[in-house]
Amino acid sequence: MVYIFLANGMEEIEALTPVDVLRRGGVEVTTVGIGGKNIVSSHKIPVTADIADSELTDFSQTEAIVLPGGMPGTLNLEANATVQKMIAYCAENGLVIGAICAAPSILGHAGLLQNKKAVCFPSFETELKGYIPTDEFVCRDGNIITAKGMGVSLDFGLELLAAVRDRAVSDKVRNAVQCR
C-alpha cells in the first residue's frame with residue numbers, strides 16, 4: 001500500500017498525479033486527508049481523501065509514502081503527528097519516501113537527507129540539512145525520492161512506480177501516457 005498524504009493548501013497536481021500513475025501501474029494507493037477527508041488545495045480545488053489521518057493506525061502494509069508540496073500544505077503535513085510517525089516508520093524500515101516541491105523540507109528537518117542527493121523547490125534548499133545538491137529534477141537516493149516541483153509531477157510519479165514495482169512497469173505506464 002502506498003499512502004499519499006493530502007493537506008489543506010497542498011499542490012493538487014503534485015498529489016494527484018502520483019495517485020494516477022501508481023494506480024495505472026497496479027499499485028494499491030490510499031489517499032490520507034490530514035484533519036479529515038475533505039481537503040482544499042492551494043488553488044481552492046476540493047479533494048476528497050480515501051481516509052482521514054485518524055483512520056490510519058496500522059502501518060504494517062505500507063510500501064511507500066508520498067508527501068506533496070504546496071503552501072501551506074507542506075507546513076500542515078509537517079505539523080501532523082500521523083505524518084511524522086509514518087515518516088519515522090518508513091525510515092526505520094527502509095521503505096520508499098517520496099517528497100516533492102516544498103515537502104522535501106520535512107525530510108530535511110527530520111535529518112533524513114543527511115549525505116543524500118536530493119532536490120526541492122529552489123527556495124527551500126536551505127531546509128535540506130546536510131543534503132548533496134544535484135541538477136536532477138527528480139532524484140532517487142536509496143529509499144528517498146525527491147522532486148523539484150509541479151512541472152515534474154509525472155516524472156516523480158513514474159520514479160515512485162519504478163521504486164515500488166520496477167522500471168519495466170514504470171516504462172509501460174510512461175509509454176501508455178505518451179510521456180517523453
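I began with Asp 50, which forms a salt bridge with Arg 23, the closest N and O atoms being 3.1 Å apart; by salt bridge I mean a side-chain nitrogen of Lys or Arg within 4 Å of a carboxyl oxygen of Asp or Glu. Asp 50 sits in the loop between β4 (46-48) and β5, while Arg 23 belongs to helix α1, so the pair ties together parts that are 27 residues apart in sequence. I take helices (H or I, at least four residues) and strands (E, at least two) as DSSP runs, numbered from the N terminus.

Before going on, I note that this is a predicted model, in which local features need pLDDT of at least 70 and side-chain atom pairs count only at pLDDT 80 or more, whereas totals for chains, interfaces and linings use all residues. Residues are numbered from 1 along each chain as its sequence is written, and side-chain values use heavy atoms, with hydrogens and water left out.

**Salt bridges, continued**

How many salt bridges does a search of the whole structure find? The search returns seven. One of them joins the side chains of Arg 24 and Asp 20, at 2.4 Å from N to O. These two residues are separated by about one helical turn, because they stand four residues apart in helix α1 (residues 12-24). Arg 24 is exposed, its relative accessible area being 52%, whereas Asp 20 is partly exposed at 36%.

I also followed Glu 159, whose side chain meets that of Arg 167 in a salt bridge of 3.1 Å, N to O. Glu 159 is buried, with a relative accessible area of 15%, while Arg 167 is partly exposed at 40%. Arg 140 joins Glu 159 and Arg 167 in a network of salt bridges.

**Sheet and packed helices**

Next I traced the sheet, which is open and mixed in its pairing, and whose seven strands run in the order β5-β2-β1-β6-β7-β9-β8; two strands pair if DSSP finds at least two bridges between them. Its edge strands, each pairing on one side only, are β5 (51-52) and β8 (138-141). Strand β2 (residues 29-33) pairs with β5 in the parallel sense over two bridges, and there Val 32 has Ile 51 of β5 as its bridge partner.

Which helices pack on the sheet? Helix α3 (residues 81-93) does, touching β1 (2-6), β6 (64-67) and β7 (96-100), and its direction makes about 135° with that of β6. Helix α5 (residues 153-164) does as well, touching β1, β6, β7, β8 and β9 (144-147), with its direction at about 175° to that of β7. Axes here are lines fitted to C-alpha atoms, for helices over the stretch in contact, and angles run from 0 to 180 degrees between N-to-C directions; contact means heavy atoms within 4.5 Å.

**Asp 141**

I placed Asp 141 in strand β8, where it is partly exposed, with a relative accessible area of 22%. Leaving aside neighbours within four places in sequence, Asp 141 is in contact with Asn 115, Lys 116 and Lys 117, and a polar atom of its side chain lies 2.7 Å from the backbone nitrogen of Lys 117. I also noted Ala 118, which is 23 residues from Asp 141 in sequence and 7.3 Å from it in space, C-alpha to C-alpha.

**Cysteines**

My search of the whole structure for disulfides finds zero, with a disulfide taken as a pair of cysteine sulfur atoms within 2.5 Å. For Cys 90, the nearest cysteine sulfur is that of Cys 139, 18 Å away; for Cys 139, the nearest is that of Cys 120, at 11 Å. Cys 90 counts as buried at 0% relative accessibility, and Cys 139 is buried, also at 0%.

**Met 10**

Last I looked up Met 10, in the loop between β1 and α1, which counts as buried at 1% relative accessibility. Not counting residues up to four places away in sequence, Met 10 touches several residues, among them Ile 39, Val 40, Val 47 and Gly 70. Met 10 and Ser 42 lie 5.3 Å apart in space, C-alpha to C-alpha, although 32 residues separate them in sequence.

Conventions
Buried < 20%, exposed > 50% of the residue type's maximum accessible area, 1.4 Å probe, protein only. Polar contact = N/O pair within 3.5 Å; in protein donor to acceptor, adjacent residues only side chain to side chain.
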